[in-house]
Amino acid sequence: MIRVTNLRKSYGTVQVLKGIDIHIREKEVVVVIGPSGSGKSTFLRCLNLLENFDEGEVIVDGFNLKDPNTDINKVREEVGMVFQRFNLFPHMTVLDNITLAPVKVRQWPIEKAKEKAMQLLAKVGLQDKAHVFPDSLSGGQAQRVAIARALAMEPKVMLFDEPTSALDPEMVGEVLSVMKQLAKEGMTMVVVTHEMGFAREVGDRVIFMDDGVIVEEGTPSDIFDQPKHERTKLFLSKVL
Amino acid sequence: MNFRFDIIAEYAPFFFKGVLWTIGLSLIGIIFGTILGLVIGLGKMSKNRMLRLPFEWYVHFFRGTPLFVQILLIHFGFMPLFVSQPNPIASGAISLSLNAAAYIAEIFRAGIQSIDRGQMEAARSLGMTHVQAMRYVILPQAVKRMIPPLGNEFIVLIKDSSLAAVIAAPELMYWGRALQGQYYRVWEPYLTVALIYLILTLTLNKVLHHVERRYQT
C-alpha cells in the first residue's frame, strides 16, 4: 500500500529524516513511537506530501509521489489524515465539514454525501451534533468529527498525527476507541502517537524512531517486552 | 459672531452636486481599490521572489508617499501623457483607487495569512486543490476578519477624496473653498463641509456595522 525508500529531508542544515525505509501493507496498522523531535510527524506528513522531501521515493497506492505525472490531489483523495489540533473548518457546521470534500472533490450529489456523513457521525457517536458548529464541541468530539470527515472520502489509508495529544486525559479514550473500531474493520492505518497502550493493543507493527531514523521495528511484544536497542529501552523506560 | 446661513443656502445646490461627486469618487475608489488590491495582495503572497517584487514596491510607493503628492503627479504628470486636457475627476478617481489598492492589498494579505496553517493542510489533505481550499475554507474565514480594517479604509477614502479639490475636481471640498473665496468667510463653508463629511462617514459606519453583524453568525 505504501512503500518508502531512503526518505530524506532537511530543514536548512538540519537533517530531520536520515533515510527511512518501510513497507506498509494493506490492512496493516503501523504505530510510530519515539521522542519528540525524532522526525515521526515529518515522516507521516511526507506520506501525503504535506511536507516535501529532498531524497528518496514514496509510493502510495501505486503512485510515485515525486513523479511529475502524479496528481497529488488524486493521491490525497485516497489518504485520509487526522491532525493533532483537529483543524475542523470553524465557519461550517459539523455536517458541512464532513460533506465538503465528497461534494467538491468527489463530485457526489449532496444527498449522498449527507447520508454518508450521517452514517459516519452515527459511527463516531455524534449524530446529534450534525448541525452545530465546531466551537461548541469538546476536544474529543471535535477529533471524532475530524475522523469522520477524513473517512467521508472513503480513503484507502488513514494517517493519524498524534490524534490524542491535544486532548484532556478524560477524552483520550473516546477517540482511541473509534480508532480501534476502524482498525478492526480492516483500515490501513499509520498512527503517530504517545499512547503506548494503544500501540500495544491495536498495532500490528510498532516502529521506534529516533533522530531521523527507524531504530527498531517489530510486533508490539517485540518492542515493548524485548527491546533490543539501548535507545529503545531508554525511551520506553521514560514513557512506560 | 453672526453666522450667515444665507450664503450656505445660496451654495446649497453646489454642495449637493459636490456631495454626489464625493460619493462617486469614493465608490470608484472602493470598487477599483478593492479589485486592484486583491490582485496586488495575491501578487505579494507569491512564492516567486521576482514576481513578488513589483507588487511589494507598488505598496511601498503608494503607502510611503503622500496622497496629495500622488494626486499632483497623476493629474499634472501622468495623465497629460495620454490626454491633452486631463479631467480632474478622472485623475482624482485614479489616484484614490491606486492609493487605496496599496492599503487594501495589505488588508487582504494579513487576512489570509491570519488563518491557521492547519486549515489549508486539512483542506489539501482531503484532496482539494489550492484554489478550492482558498475558495471554500480560507477566504470565507479571512473575509470575516477583513471587514473591520476594510471599513476603516473606506472611511479614510471618503475623507481623502477631499484632496481632489486641489486639482479642481468639483467635489464637496472644492465648493467649500469656492464659498470661502467668494465671501471671505471661514466658519460657514468649512463647518458645513465638515458636517457633511461626518454624515457620510457615520452612514458608512452604520452600514459596515450591519455587514459585520451579519457575518458574525
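**Pockets of the predicted model**

The largest pocket holds about 880 Å³ of space. Here a pocket is an open set of points, on a 1 Å grid over the protein atoms alone, where a 1.4 Å probe fits, with protein on both sides within 12 Å along at least five of seven lines; lining residues have an atom within 4 Å of a point. Volume is the space filled by probe spheres set on the points, with grid points joined across faces, edges and corners. This is a predicted model, in which local features need pLDDT of at least 70 and side-chain atom pairs count only at pLDDT 80 or more, while totals for chains, interfaces and linings use all residues. Residues are numbered from 1 along each chain as its sequence is written, and chains are lettered from A in the order in which they are written.

Lining the largest pocket are 22 residues, and Lys47(B), Arg117(B), Met120(B), His130(B) and Met134(B) are the closest to its centre. Two or more lining residues come from each of the chain B helices H1 (5-44), H4 (88-113), H5 (117-125) and H6 (130-160), helices being DSSP runs (H or I, at least four residues) numbered from the N terminus. H6(B) contributes the most, 5 residues. The lining comprises 11 nonpolar, 3 polar and 8 charged residues, where Ala, Val, Leu, Ile, Met, Phe, Trp, Tyr, Cys and Pro count as nonpolar, Asp, Glu, Lys and Arg as charged, and the others, Gly among them, as polar.

The second largest pocket has a volume of about 570 Å³. Among its 21 lining residues, Leu88(A), Pro90(A), His91(A), Asp135(A) and Gln141(B) lie nearest the centre. In chain B, H6 and helix H8 (187-216) each give two or more residues to this lining, with H6(B) giving the most, 4 residues. By class, the lining of the second largest pocket has 10 nonpolar, 6 polar and 5 charged residues.

Note on methods
Side-chain values use heavy atoms; hydrogens and water are left out.
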